[in-house]
Amino acid sequence: MAKFTKKKDGDLPAVSTASLPDIVFMLLFFFMTVTTMKDSSLLVENTLPNATEIKKLEKKDRVIYIYVGKPTQEYQSVFGTEPRIQLNDKFANVDEVGSYILAERAKKPQELQNVLTTALKVDKNANMGLITDIKQQLREVNALKVNYTTYEGDAFNNLQ
Amino acid sequence: MPRRKGAPEVNAGSMADIAFLLLIFFLVTTTIETDAGLDRMLPPIEPPETDVIIRQKNIFTVNINKNGQLLVEDELMNLKDLRKAATAFLENNADGSCNYCKGRKDAASSDNPTKAIISLKNDRETKYSTYITVQNELVGAYNDLRNREAQRLYNRDFTEMESEYLNPETPTATRDDLKDKVKRIQDMFPQKLSEAETSTN
């Protein structure tokens, strides 16, 4: 019978690569789900404090981020160790916050411009003086909805 | 049966199944990180046109100094006791108009929850982490009271109802239903947390 003809000696059958696309797709999907888009790299230390009474920031397109904290190691020689504000990819002074908010607001679609939230991502070791100045700036441009972004956890851990 | 020469071919038909199994496993276990935090409203920059007169007993003052110590109603207080003190102040109900409050009706404390205001002041050198802890405790006091009333009226927590209401994935019908309930509880204990300008000394 033809079915049982002898194969040539030493000829290994090829490993089936039919499932390779599956594996690749699996990896692709995995990375698609776990990656969060980061639109700016952090120039400041950003260990957020803990809080329990938190609310989720649901709609990402309605949020403007402001980062505050001590500059990271590589920037400390230039910018010192005092907490600084980071807007987009740059360090900024307090008086630039207002115009930044206005610029960001102008970029958003008309119908979202009134419902924007400002997320303050502030390092737990920052002082309130800087935050108060930022808050004052936000009030001046009428960006009154703020969210102090925190981690979920016992708030009393902050005090240590 | 004649012995085969060469290695037999591995059946790769089930490979796809294994791949999908893993894919589904990761899909289920990974959560996409969403930011969360304390929502607050800042006061508008223009002062209100008519001056509202607020009686001193309706204001619960909380001062944080630069060392992170608390001065509550002119007395030094431990942070751990703040939530309880704020809760007691909010539902004190001195004028007896709030029938769901369980306060002590102390004449020297707030009239009713709609009049009670918490005023938070901080020093410029207060650490942000301390400030957040205090904010958390004060918001917690409101949430505790609202949860209690929501449990009594609707048998579920207010915070849970609110997050379901705010979640864009909740069906519209459920949201409309929740809207009135959330509003009702919020009006029972309106959040009046004022953040005055920081003292400089």
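Predicted model: local features only at pLDDT ≥ 70, side-chain atom pairs only at ≥ 80, totals over all residues.
1. You will find Asn142(A) in the loop between H4 and S7 of chain A. For background, most residues other than glycine have a negative phi.

2. Is Asn155(B) buried or exposed? With 7 other C-beta atoms within 10 Å, Asn155(B) is exposed. Look for Asn155(B) in the loop between H3 and helix H4 (158–166) of chain B.

3. Now for an overview of chain A. Chain A holds four helices and seven strands, and along the sequence they follow the pattern α-β-β-β-α-β-β-α-β-α-β. Of the 160 residues in chain A, 28% are buried. Taking the contacts in chain A between residues at least 6 apart in sequence, 78% join residues at least 24 apart.

4. Two packed helices are described by the angle between their axes and the distance between the axes. Helix H3 (residues 97–107) of chain A and H4(A) have axes that come within 8 Å and cross at roughly 45 degrees. H3(A) and H4(A) are therefore oblique to each other, and their crossing is right-handed. From H3(A), the contact draws on Val97(A), Gly98(A) and Ile101(A), while H4(A) supplies Ile134(A), Gln137(A), Leu138(A) and Glu140(A). By class, the residues in this contact of H3(A) with H4(A) are four nonpolar, two polar and one charged.

5. Next, the place where the two chains meet. Chain A brings 54 residues to the contact and chain B brings 52 residues. On the side of chain A that touches chain B, the elements giving two or more residues are helix H1 (20–34), strand S2 (55–56), strand S6 (117–122), helix H4 (128–140) and strand S7 (145–152) of chain A. Which element gives the most to this side of chain A? The answer is H4(A), with eight residues. Sorted by class, the side of chain A that touches chain B has 25 nonpolar, 13 polar and 16 charged residues.

6. The chains also pair strand to strand. Strands of a sheet pair through backbone hydrogen bonds, either parallel or antiparallel. Here S7(A) pairs with strand S1 (residues 36–41) of chain B in the antiparallel sense, over six bridges. To locate this pairing on screen, find Tyr148(A), which stands opposite Leu38(B) in S1(B).

7. Within chain B, an open sheet of five strands comes in the order S4-S3-S2-S5-S6, with mixed pairing. Strand S4 (75–77) and strand S6 (193–195) of chain B stand at the edges with a single partner strand each, so one side of each has no neighbour in the sheet. On average, and ignoring direction, neighbouring strands of this sheet are turned by 30 degrees against each other.

8. Strand S3 (residues 70–72) of chain B and S4(B) run antiparallel and are joined by three bridges. Leu71(B) has Leu76(B) in S4(B) as its bridge partner. Helix H2 (residues 79–90) of chain B lies across strand S2 (59–64), S3, S4 and strand S5 (117–122) of chain B, and runs at about 20 degrees to S3(B).

9. Last, a helix pair in chain B. Helix H3 (residues 128–154) of chain B packs against helix H5 (residues 172–188) of chain B at an angle of about 135 degrees, with the axes 10 Å apart. H3(B) and H5(B) are therefore oblique to each other, and H3(B) passes H5(B) in a right-handed crossing. The residues in contact are Arg146(B), Glu149(B), Ala150(B) and Tyr154(B) of H3(B), together with Lys181(B), Ile185(B) and Met188(B) of H5(B). By class, this contact of H3(B) with H5(B) has four nonpolar, no polar and three charged residues.

Note on methods
Residues numbered from 1 in each chain as written. Chains lettered and ligands numbered in written order. Contact = placed C-beta atoms within 7 Å. Nonpolar A, V, L, I, M, F, W, Y, C, P; charged D, E, K, R; others polar. Pairing = 2+ DSSP bridges. Axes fitted to C-alpha atoms, helices over the stretch in contact; angles between N-to-C directions. Parallel < 35°, antiparallel > 145°, perpendicular 65-115°, else oblique. Left-handed = near helix turned anticlockwise from the far one by under 90°. Buried ≥ 20, exposed ≤ 12 C-beta atoms within 10 Å, placed from the backbone.
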